[in-house]
Amino acid sequence: MNKIMIVEDDKALCEELSLLLEKSGYSVRSVKDFSDVYSQMISANSDLILLDINLPKENGEVLLQKFRKKYDTPVIMLTSSAGDIDEVVSMSYGADDYITKPYNPTILLLRIAAVLKRSVKSGQLQEYKGVIVSSIKGSLVKGDQEQVLTKNEMLIFQLLLDHQGEIVSRDELMTVLWDNDEYINDNALSVNISRLRNKLADLGLQDAIETRKKQGYILI
Amino acid sequence: MTIRDYLKDRLIAYFIWAICHAITIIFLLAYKVGGQPIIVVTVISIMAVVSHEIWNLNRRKNFYNIIRKTTEELDQKYFLSEMLSEPDFYEGKFLCDTLYSCNKSMVENVNKYKKKASDFREYIELWVHEAKIPVASLRLISHNNLGVVSDKVNVQIKRIDDCIDNVLYYARSENAEKDYNIKEVSLKKVFSNVAVRNREALQLSGGNLTTYGLDREVMTDKKWLEFIVGQLMANSMKYASVKRPLEISVKAKEVDSNVILYFRDNGIGIVEADLPYVFEKSFTGHNGRSNSESTGMGLYIVKNLCDRLGHGISVSSKENEYTEFQITFARNEFYKMS
């Protein structure tokens, strides 16, 4: 389980953020005492830090700069300013990503997952029940059988696979698709899922994707 | 200052001189001085007046002409007093001094208001910053408690967020400070950010989105352009037709080395008579009268931001059929160099 540290001085926001991350299966630790954030950042030994820019004692950007000199733990900056300057400064100080409030929760989770994935060297090819998933070629291969997936189908399958055994809501699927410039509507999503099911069935994987009424889909 | 003006101005002085001279001649005649001495006195007197007048005319003429020419040429007329060198006659000196103190008082006054405006703007920025925090909390609360209402709640949260952004960008667009950052930006990225942010609202309204040719880079400020496109999208949803599902189509084309972004919807459109005024402040027009959400500020801010970024924006529409906005990005090689 990945450990995430939250440095955010607004209590309500911090609480909800912890809740969101815990629900998504991260272990969360949030900073309560802002008199010495830096030493807490070091001692926490977390896998990722969410760092607010406007903090009571010390500016988040200054903290980041100090922290980056010695440690390479991934850091995502959170801020409510809509200006470009903070973004440029943060990135130049070595932030791994930068998200403005109010963030879309699904996108926040995606970004966190992406940053964590980047920091752990992961193999290019994933496998699912004897099927090799190649996201680069956009295809599923089983033995000498190959099924080519469309971009949409691949995005959906990838998300389900990353959360194998967990329910993925339609909302999350939609957010990911839209985030990848596929502006499809509700009906199109259903069509894509049923096509994906057929393709999986052709590879001998019947009923791999289950529908959970009013919740979403799950890859078994 | 022409000679005519000058002569006209001095008419009374000549009149007085003529009377005095006439009296002198009467006296001379009374003392039985006649003939040649009178002519000599007259000639000397005329010579004195003419030479004095020529000298006087010259130095004034130079001074006044400089004033007139500089005022005509100056873009900001109030710089006049800084452009003048002090003349050697009293009225000129007096005028210069007065201009100088008027200017000084005006500059002080303008600075007072500048300070007030920038204080207010700073406060707005701070306020926006503060207001975004509870909005962020609300979004997370809604996400952490998924249910039937959360979609609707999200749409309303989005509306609050849009209103907050409106205030921020209005404050930014009205102020002279240059706080945009122009660089090469992908239209695709900008549009997808806006689309994701508006997804819930679009889906609830049953809208459809198609894009074409957005794989282009333009020189702009990313955040500002996102706000602009977001405004257009919000408008499309606000003025959707009830007769058919909303279709928004966005495409980009290269025309004469400019990139043009077309943003088109199939909404209720804009009445032809209203078209020339849609970018004006507080103009709500025909659509505004039938929609209470119109403030007449959205497009005004959009136009203002476009002007400051150097983008052209225009609109075409047919009532009950479509509305199309065109944003023109100049392919500015100058920007790229820096």
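A salt bridge here is a side-chain nitrogen of Lys or Arg within 4 Å of a carboxyl oxygen of Asp or Glu. All views show a predicted model.

**View 1. A salt bridge links D181(A) to K188(B).** The two side chains meet with N to O at 3.9 Å. That distance is within the 4 Å cut-off, so the pair counts as a salt bridge. D181(A) sits in a loop of chain A, between α7 and α8 (186–202). Its backbone also deserves a look: D181(A) is not a glycine, yet has a positive phi of about 65°.

**View 2. D171(A) and R199(B) form a salt bridge.** The closest N and O atoms are 2.6 Å apart. D171(A) belongs to helix α7 (residues 170–179) of chain A, and R199(B) to helix α7 of chain B, so this pair joins two chains. Across the interface of chain B and chain A, the rule finds 2 salt bridges. Over all chains, the count by this rule comes to 27.

**View 3. Chain B and chain A bury about 3,200 Å² between them.** Carbon and sulfur atoms carry 56% of that area. In chain B, the residues that lose the most area to chain A are L140(B), N144(B) and R199(B). Together these residues account for 21% of what the chain B side buries. The contact takes in 34 residues from chain B and 34 residues from chain A.

**View 4. Polar contacts and the chain B face of the interface.** Between chain B and chain A, 8 residue pairs are in polar contact, both residues at pLDDT 80 or more. On the chain B side, the elements giving two or more residues are α5 (90–144), α6 (150–174), α7 (187–204), β2 (208–212) and α8 (222–238). Helix α5(B) supplies the largest share of this side, 11 residues. By class, the chain B side that touches chain A has 12 nonpolar, 10 polar and 12 charged residues.

**View 5. A nonpolar patch lies on the surface of chain B.** Its members are F15(B), I19(B), I23(B), F27(B) and Y31(B). Together they have about 580 Å² of accessible area. One of them, F27(B), lies in helix α2 (residues 11–30) of chain B.

**View 6. A cis peptide bond joins K101(A) to P102(A).** Omega for this bond is near -10°. P102(A) is found in a loop of chain A, between β5 (97–100) and α5 (105–119).

Conventions:
Residues numbered from 1 in each chain as written. Chains lettered and ligands numbered in written order. Predicted model: local features only at pLDDT ≥ 70, side-chain atom pairs only at ≥ 80, totals over all residues. Heavy atoms only, no water. Patch = residues over 30% accessible without salt bridge, like charges linked within 9 Å, V, L, I, M, F, W, Y side chains within 5 Å. Areas by Shrake-Rupley, 256 points an atom, 1.4 Å probe, with all protein chains shown as cover. Helix = DSSP H or I, 4+ residues; strand = E, 2+ residues; numbered from the N terminus. Contact = heavy atoms within 4.5 Å. Buried area = accessible area lost by both parts, 1.4 Å probe. Polar contact = N/O pair within 3.5 Å; in protein donor to acceptor, adjacent residues only side chain to side chain. Nonpolar A, V, L, I, M, F, W, Y, C, P; charged D, E, K, R; others polar.
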